[in-house]
Amino acid sequence: MSKLWQARFFTTVNHLRDLPRTTVPEIAFAGRSNAGKSTAINILCNQKGLAFASKTPGRTQHINFFSVGGAHVAMHRHDPTNMDEVRCLIADLPGYGYAEVSGDAKLHWQRLLGDYVQRRDQLAALVLMMDARRPFTDLDIQMLEWFAPTGKPIHCILTKSDKLTRSEAVNTLRQAQAKLDSYVDEDGEGFPFTVQLFSALKRVGIDEATAKIEELVGLNVDPPAPEPESESDPE
């Protein structure tokens, strides 16, 4: 069973000052409002209602956090989360790129998203969700270039790959990897960018995405055992 199945709602924030005061690694999911981000999170966590897609795409202006570990599996449990056992946080970032959102809201998102992905020390990696039929829009590239200078990994998930033929999917994956390989640091070294195909409808790429996400936040290794309490000296 994937450790991601232990995910449960943790908190929601609208300003950087309200970010969780935790030290565990975080992995953020970003993407356009219609890229299927919420659906992918729910499938990877094996929970239908964990991440909510707004009825009006692009209206959600918050970062929603989900904790992994420290609680029973299943969202209907109301037992408290044991913070000492939380392994990581999943950050569901606001979707971007919806035309009907006001200018003020877009500016707020840009500041919130930009500052979070560039400055959050606990952020271990970014999962960039893109529609396989229209990858690397201008806003996707902006997100990628915001995060690239941190030197941290980006895993791109090309959603809705079932809409492509087999040959189209192969070509899209190859072109996406070539695009990512074109980014290098000031020493000419490539960034830790990876990409895969994904389909919620056909359940393609779930195991691959799960393994990568667990690797990026250290869920693929057992946590260190707690140190035994020292015995008090005999009187």
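Contact here means heavy atoms within 4.5 Å. The model is predicted, so local features need pLDDT of at least 70 and side-chain atom pairs count only at pLDDT 80 or more, while totals for chains, interfaces and linings use all residues. Residues are numbered from 1 along each chain as its sequence is written, and side-chain values use heavy atoms, with hydrogens and water left out.

Let's start with the inside. A nonpolar core is a set of buried Ala, Val, Leu, Ile, Met, Phe, Trp, Tyr and Cys residues joined through side-chain atoms within 4.5 Å; buried means under 20% relative accessible area, exposed over 50%, and partly exposed in between (1.4 Å probe, protein chains only). The largest such core has 40 residues, and Leu93, Tyr116, Leu128 and Met143 touch the most other members. Helix α3 (residues 138–147) gives the most to this core, with 5 residues; helices (H or I, at least four residues) and strands (E, at least two) are DSSP runs, numbered from the N terminus. Skipping neighbours within four places in sequence, Leu128 has contacts that include Ala30, Tyr96, Met143 and Ile157.

Now for the charges. A salt bridge is a side-chain nitrogen of Lys or Arg within 4 Å of a carboxyl oxygen of Asp or Glu, and that rule finds 6 of them. One joins Lys37 and Asp92 (2.5 Å, N to O), linking helix α1 to strand β4 across 55 residues. Both partners are buried.

Asp131 pairs with Arg133 at 2.9 Å and with Arg134 at 3.0 Å, and these shared partners make one network. Asp131 counts as buried because its relative accessibility is 5%.
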